[in-house]
Amino acid sequence: MITVEEAEQIILAQLKDYGTGTVPFEQALGRVLAEDIKADRDLPPFNRVTMDGIAIAYKAIEQGISTFNIKATQAAGEEPIGIDNTNECIEIMTGAALSSTLDTIIRYEDLEIKDGTAKLLITDIKQGQNIHQKGKDKMQVDTVAAANQLITPAIISLAASVGKARLMVKKQPRVIIISSGDELVDVADTPSDYQIRRSNNYTIKAVLSQHGLDADMLHIPDDPEITKQQIQTCLQKYDVILLSGGISMGKFDYVPQALEDLQVKKLFHKVKQRPGKPFWFGRHNNGVLVFAFPGNPVATFMCLHRYFLLWLNETLGLPSKPPIYAQLAEDFTFTPQLKYFLQVKLTFTKQGVLLAQSIEGNGSGDFANLADTDAFMELPLERNEFKQGEVFPVIKF
Ligand SMILES: Nc1nc2c(c(=O)[nH]1)N[C@H]1C(S)=C(S)[C@@H](COP(=O)(O)OP(=O)(O)OC[C@H]3O[C@@H](n4cnc5c(N)ncnc54)[C@H](O)[C@@H]3O)O[C@H]1N2
Ligand code: MOO
Ligand SMILES: [Mg+2]
């Protein structure tokens, strides 16, 4: 049986470029940017007033002038209005473009405005104050957002401001989620006393959608022929198949045999880990990758986060995420020769330390426990005793 690290390496050796395409920028949230976004003009594009008040030429202050004739009022979006004499000012609003004859803004709070004049109530005035200088943030053709990063709301905002109505993004793999098992009925159906509703497929879909990835869903019964037929169809239509269930040692666990019959090369089956020991991974000649997760809900959930999301991140060319470490809140013992992914609840202490409280639940079938936790703590395989205060990596979900 291979280790978690070996499984990770095998999976990360299967990265694939799915190409690029363009989407309207408003629909690009959560996708991966595949081009540099450049400023179409300076940012800001003009000397932008940052306070409502008056605009003056600083020279007036040097000349000892403290009362100004208001020549005009300029709103944001209006053509700049200049002055002819240093004893003049323009009443001006935040966001307005400043005329080249003006270089200093005094706020209304620091003025007394009466009978068409503005009198200064302060003496400490700096040349250039309350002005966001043209080109201060970025110059024309500067890159405002570099390729190979996740498109966040801030990047949507930048795209809008530089007039990029469409963005080039990385194409995502086409994904199908296949659940299996005769004991599983759909959400809308009423299970018999010996059935349950299927949930893993919805969990996977929800996690993927949190990561900006859409996926189709399919359920197959425990029938070897149907299992084979259905997977065969999916091998033609998708880039990645995420299976849940049917991969262990049960008499009706038909998935590994079906995959083998369909020429999906097994790259590994079983990993030294709990949960998720029976995890199966392989690749078809045509490049389709198959992640077959163990059916127990916590096992599916852990493997999805630990392996598939990692692969997705790398395959889309995103920078590797630095690991997050937390401190174990109490002693913990785990004796099997498996790497244990302990379910924990994370909190920050007053000292700013990330603390992991173990919330063990009742094994990998206890999906109710997932709602009470927010991370897996990855405990080293080589050890059995873990002490309060020790620090280990965590996978937040
Ligand atoms: N003799 C052995 N038996 C088992 C072993 C083993 O090493 N030797 N491993 C156990 C472990 S660990 C796991 S995990 C499971 C994995 O089993 P399968 O991948 O074959 O999954 P199933 O048998 O189909 O189902 C297991 C369990 O999960 C429930 N399930 C499955 N799919 C869903 C779904 N979509 N939504 C909700 N629940 C689902 C299913 O009803 C079963 O209760 O094998 C152990 N056995
Ligand atoms: O992988 Mo199993 O999840 O330990 O129950
Ligand atoms: Mg089974």
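**Reading the ligand sites and two residues**

Modeller: A backbone N or O atom of Gly246 lies 3.0 Å from an oxygen atom of ligand 1, which is a polar contact in the sense of a pair of N or O atoms within 3.5 Å (within protein, one must be able to donate a hydrogen and the other to accept it, and residues adjacent in sequence count only if both atoms are side-chain atoms). This is a predicted model, in which local features need pLDDT of at least 70 and side-chain atom pairs count only at pLDDT 80 or more, while totals for chains, interfaces and linings use all residues. Residues are numbered from 1 along each chain as its sequence is written, chains are lettered from A and ligands numbered from 1 in the order in which they are written, and side-chain values use heavy atoms, with hydrogens and water left out.

Biologist: How many residues surround ligand 1, and which are the closest?

Modeller: A residue is near a molecule if one of its heavy atoms lies within 4 Å of it. For ligand 1 there are 19 such residues, the closest being Glu183, Ser199, Gly246, Ser248 and Gly295. A polar backbone atom of Ser199 is 2.9 Å from a nitrogen atom of ligand 1, and a polar backbone atom of Gly295 is 2.9 Å from an oxygen atom of ligand 1.

Biologist: Which residues are around ligand 2?

Modeller: They are Arg274, Pro275, Gly276, Lys277, Pro278, Asn296, Ala299 and Ser364. Oxygen atoms of ligand 2 lie 2.4 Å from a polar backbone atom of Gly276 and 3.2 Å from one of Lys277, while a polar side-chain atom of Asn296 is 2.8 Å from a ligand 2 oxygen.

Biologist: Is Thr300 buried or exposed?

Modeller: Buried means under 20% relative accessible area, exposed over 50%, and partly exposed in between (1.4 Å probe, protein chains only). Thr300 counts as buried because its relative accessibility is 2%. The side chain of Thr300 also makes a polar contact with the side chain of Ser244, at 3.2 Å. Contact means heavy atoms within 4.5 Å, and, not counting residues up to four places away in sequence, Thr300 touches Asn200, Ile204, Ser244, Phe293, Pro294 and Gly295.

Biologist: Why does Gln133 count as partly exposed?

Modeller: Gln133 falls in that class because its relative accessibility is 34%. Leaving aside residues up to four places away in sequence, Gln133 touches Pro44, Phe46, Asn47 and Gly128. The C-alpha atoms of Gln133 and Val49 are separated by 8.7 Å, although these residues are 84 residues apart along the chain.
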